[in-house]
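Have a look at the model first, then try each task before you read its solution.

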Amino acid sequence: MTINAVLQLRAQRLARATRPFLARGNRVIRCQGCLLPKKLCLCASIVPQPARSRFCLVMFDTEPMKPSNTGRLIADILPDTQAFGWSRTEPDSALLAAVQNADYQPVVVFPESYADPGRPVLRSPPREGKPLLFIMLDGTWTEARKMFRKSPWLDALPVMSLSFTTPSNYQLREAHGEGQHCTAEVAAELLAQAGDLAAAQALSAHFTLFRQHYLAGKPHHPLHQQAIVDK
């Protein structure tokens, strides 16, 4: 099991917790790598991939604790992924340093409709110039909007706004609105459009397997019932 940046952030969050975090399915005995039920562990199937693009996950307080989080899948496939907890008033100095790294082009991944007038908006990743650093705001839709609005250190950065032609296959949490995609799906599309095709395909395959295993671990889901029949 590789301890990626999201798992490290999760460990830090658990260490400072004053009471147990009780997510749905908290009684399930889980693998501490993929956070799936141990009998459905997929850690052995994870194959990291190289990519020119980089990702920086800015995660709302409890997001790294949730087994359903898919930002972790990006870090599984791209080991250079960075992950930080979000703070409105005291952003992590390492996060600020990552965003200001002159070796990369930082962009904030968010719908352009939320960008202030005059803010640069990209609708596809440029393939020329420095490698891209995709800053992903990872949380519920309400939390992501709060992070976007209340992170002044992001305000000077261009917004990367993607359009999808296919619906989301997430199914692990209820989407806030039609057409929304989970963090891993957005990241896979960004990688594909940026030319990191092998990493995009690996992340998409990892997400599909994760989703299947996660749903198979839910007692009332058809995939769980089918797994019982197949035994």
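This is a predicted model: local features need pLDDT of at least 70, side-chain atom pairs count only at pLDDT 80 or more; totals for chains, interfaces and linings use all residues.

Residues are numbered from 1 along each chain as its sequence is written, and side-chain values use heavy atoms, with hydrogens and water left out.

**Exercise 1.** Find out whether Leu9 is buried or exposed, and what it touches.

Step one: find Leu9 in helix α1, residues 5–15 (helices are DSSP runs of H or I with at least four residues, numbered from the N terminus).
Step two: check the cover. Leu9 has 10% relative accessibility, so it's buried (buried is under 20% relative accessible area, exposed over 50%, partly exposed in between, with a 1.4 Å probe and protein chains only).
Step three: list the contacts (heavy atoms within 4.5 Å). Skipping residues up to four places away in sequence, Leu9 touches Met59, Pro64, Ala83, Phe84 and Gly85.
Step four: look at Met65. Leu9 and Met65 sit 56 residues apart in sequence, yet their C-alpha atoms are 8.8 Å apart.

**Exercise 2.** Do likewise for Thr183: where does it lie, and is it buried or exposed?

Step one: Thr183 belongs to helix α5, residues 183–194.
Step two: its relative accessible area is 15%, so Thr183 is buried.
Step three: beyond four places in sequence, its contacts are Leu57, Thr70, Gly71, Ile74, Met136 and Asp138.

**Exercise 3.** Is Arg149 buried or exposed?

Step one: go to helix α4, residues 141–149, where you'll find Arg149.
Step two: Arg149 counts as exposed because its relative accessible area is 56%.

Methods. Helices (H or I, at least four residues) and strands (E, at least two) are DSSP runs, numbered from the N terminus.
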